[in-house]
Amino acid sequence: MVSPRLNRAANICRIIVGLVFAFSGFVKAVDPWGTALKVNEYLSIYGIEQLQPLSMIFSIWLCGAELMMGLMLTFKVRTRLISIFALASMTFFTVLTFLSATWIPVEDCGCFGDALKLTPWETFLKNLIILPMVVVVWYRHRGQRILDFRRWEIAATVTFCTIAMGVGTYCYFNLPLIDFLPYDEGSNIYAMIAVQHDTGSEDMSEEEYVLVYRNRQSGEVREFKIDDKEWQDESRWEWVETRVDNEAPAVQTLVSEFTITDEEGDATRDILTRSGYVYMICITELDAVNEKCAERLRRVVDRAIETEGLVVCLTPQPLREVTYHAFADSDPVRCYNIDATVMKTMLRAKNGLVVLKDGVIEKKYNCRNIDF
């Protein structure tokens with residue numbers, strides 16, 4: 001016989017834990033690219049980079065599983081079974097966040113994606129609050145048969161699973177349903193850079209800033225100037241921070257690291273402050289663009305010509321000289337280098353397009369969604 005007090009406490013804990021799990025899973029599921037980047041960061045920190053090719057699959061599965069657990073707890077579907085999974089999950093992540101806060105510190109654990117930033121210690125404290133609640137839920141329902149699903153529970157489980165995994169899959173093939181990042185539509189990138197640099201003017205001399213990167217293999221931390229090319233090799237280097245060379249406080253945001261360069265120098269200001277339309281084609285690998293995407297990008301180039309706008313190609317792929325690239329049979333487009341993480345922060349897609357009008361982001365497209 002379950003006491004009324006325990007029953008009330010368990011119901012309160014179940015709803016709180018369910019809502020936290022659902023919120024955490026949803027805000028990450030709508031941005032699987034961001035979660036994959038965070039997974040890659042952890043894999044690099046713990047020296048298991050060989051698993052990074054699986055990070056996107058794991059991202060969609062992890063976020064979907066968390067969202068599904070949250071929905072099933074909230075609606076009281078197979079509570080004992082889900083509480084066991086929740087207990088195992090919370091135990092693992094509580095240990096992980098403690099290690100992140102003490103042994104190998106990270107700036108942000110990513111438990112709420114980019115929607116809500118928590119430090120490792122804040123995340124650890126949150127887990128210490130949630131973990132006992134999960135124990136209460138498990139204890140209350142410990143006598144329930146684990147796999148004795150009723151018909152409505154089977155229907156609810158299938159529905160929640162479809163929703164949970166569908167959200168991440170949809171956002172992977174398109175763009176996030178909700179953009180929590182600074183480069184959302186309506187943002188002026190150059191204005192944000194100026195604010196982050198806190199110069200009070202438009203003078204953003206590249207010599208004033210130092211890029212700090214960590215070698216993915218050796219763990220060595222090195223400093224680079226913006227016009228160096230070695231840091232652009234994403235397979236070797238991961239971004240740590242950008243700081244001002246005159247001992248000013250470190251800038252801990254990728255907005256301040258936004259640079260567009262090629263062999264002739266920094267073109268960031270010229271491109272981002274140009275009046276009219278600017279079409280920034282974002283490509284991960286120039287030679288890996290499929291035919292359908294290339295055809296859509298050809299239409300982008302044609303649109304740029306029609307509107308007398310500027311079209312450029314941004315890529316993290318190292319460029320050894322001034323480079324032009326044609327998409328399908330388009331006119332050649334000048335290519336510039338951009339940091340891989342910065343590009344993925346601006347556009348959560350392998351290939352796509354960012355349209356600026358008078359310096360303001362008007363529209364963003366995954367390549368598959370370009371409708372010109």
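Predicted model: local features only at pLDDT ≥ 70, side-chain atom pairs only at ≥ 80, totals over all residues.
View 1. Ser-44 touches Glu-49, Gln-52, Arg-216 and Glu-238, leaving aside residues up to four places away in sequence. Ser-44 belongs to helix α2. Its relative accessibility is 9%. Buried means under 20%, so Ser-44 counts as buried.

**View 2. Helix α2 against helix α3.** Helix α2 spans residues 32–45, and helix α3 spans residues 55–74. Their axes come within 8 Å. The crossing angle is roughly 115 degrees. The range 65 to 115 degrees counts as roughly perpendicular, and α2 and α3 are therefore roughly perpendicular to each other. The crossing of α2 past α3 is right-handed.

**View 3. Residues at the contact of α2 with α3.** From α2 come Pro-32, Trp-33, Thr-35, Ala-36, Val-39 and Asn-40. From α3 come Ser-55, Met-56, Phe-58, Ser-59, Ile-60 and Cys-63. By class, 8 residues of this contact are nonpolar and 4 are polar. No charged residues take part.

**View 4. The protein as context for the close-ups.** The protein has 372 residues, and 51% of them are buried. Its secondary structure includes 10 helices and 11 strands. Among contacts with a separation of 6 or more, 67% join residues 24 or more positions apart.

Key:
Residues numbered from 1 in each chain as written. Heavy atoms only, no water. Axes fitted to C-alpha atoms, helices over the stretch in contact; angles between N-to-C directions. Helix = DSSP H or I, 4+ residues; strand = E, 2+ residues; numbered from the N terminus. Parallel < 35°, antiparallel > 145°, perpendicular 65-115°, else oblique. Left-handed = near helix turned anticlockwise from the far one by under 90°. Contact = heavy atoms within 4.5 Å. Nonpolar A, V, L, I, M, F, W, Y, C, P; charged D, E, K, R; others polar. Buried < 20%, exposed > 50% of the residue type's maximum accessible area, 1.4 Å probe, protein only.
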